[in-house]
Amino acid sequence: MLFRSVSQSRYEKSAKRDDVDRRINFARGGYVGDIGEKVSLNIEVLKSVWSQKWNTWYITGINSEDQVVFFACKESFDIGTHLTITGVVKGTRDNSTQLNRVKVL
């Protein structure tokens with residue numbers, strides 16, 4: 001009985017992770033702005049990953065126009081949280097936009 005619940009919870013975590021990765025990979029909105037441009041966005045948090053090396057959280061989110069953004073932040077946010085942020089476009093990579101100097105409003 002215990003084995004079944006452990007393997008089921010592993011399956012559920014894996015399925016959630018696959019859904020998030022699929023949502024990121026199939027986003028068709030393109031990039032948010034040009035490098036150096038200041039942007040303001042409403043996003044839904046898809047991933048929140050702790051970096052022990054850099055002592056910060058890396059947040060990945062998506063906006064209503066299907067554009068993926070990621071940025072570093074000192075605080076963590078729960079998956080599914082909706083945030084209003086401002087930041088400067090630092091670069092683009094793999095159909096997502098990297099933001100710098102992000103402020104959560």
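In which strand does S96 lie?

Guide: S96 sits in strand β5, which covers residues 96-104. Strands here are DSSP runs of E with at least two residues, helices are runs of H or I with at least four, and both are numbered from the N terminus. Some ground rules before going on. This is a predicted model, where local features need a pLDDT of at least 70, side-chain atom pairs count only at pLDDT 80 or more, and totals for chains, interfaces and linings use all residues. Residues are numbered from 1 along each chain as its sequence is written, and side-chain values use heavy atoms, with hydrogens and water left out.

The cut-offs, for protein chains only and a 1.4 Å probe, are under 20% relative accessible area for buried, over 50% for exposed, and partly exposed in between. The S96 side chain reaches the backbone oxygen of R93 at 2.7 Å. That is a polar contact, meaning N or O atoms within 3.5 Å; within protein, one must be able to donate a hydrogen and the other to accept it, and residues adjacent in sequence count only if both atoms are side-chain atoms. Setting aside neighbours within four places in sequence, S96 is in contact with Y31, V68, F70 and G91, where contact means heavy atoms within 4.5 Å.

Now step back to the sheet. Its 5 strands close into a barrel in the order β1-β2-β3-β5-β4, with mixed pairing; two strands pair if DSSP finds at least two bridges between them. On average, neighbouring strands are turned by 50 degrees against each other, direction ignored; those axes are lines fitted to C-alpha atoms, and angles run from 0 to 180 degrees between N-to-C directions.

Follow the barrel from its other end. β1 (residues 38-51) pairs antiparallel with β2 (residues 56-63) over 8 bridges, including S51 with T56 and I43 with N63. These two strands make a hairpin with 4 residues between them, and N55 in the turn has a positive phi of about 55 degrees. β2 then runs antiparallel to β3, joined by 6 bridges, one of them linking W57 and C73. In this second hairpin there are 4 residues between the strands, and D66 takes a positive phi near 65 degrees. With 6 of its 8 residues buried, β2 is largely enclosed by the rest of the structure.

There is another serine worth a glance: S48, in β1. Its side chain makes a polar contact with the side chain of S76 at 3.4 Å.

As for the packing, the largest nonpolar core has 14 residues, with L41, I43, F71, I85 and L99 making the most contacts inside it. Such a core is a set of buried Ala, Val, Leu, Ile, Met, Phe, Trp, Tyr and Cys residues joined through side-chain atoms within 4.5 Å. β1, β3 (68-73) and β4 (82-93) each give two or more residues, and β1 provides the largest share, 4 residues. Apart from this core lies another of 6 residues, among them V20, I24, L46 and I62.

How far to trust it? Average pLDDT, the predictor's confidence in each residue from 0 to 100, is 89 for the protein chain, and 92% of the residues score at least 70. Among its elements, β4 has the highest mean (96) and helix α1 (residues 2-25) the lowest (74).
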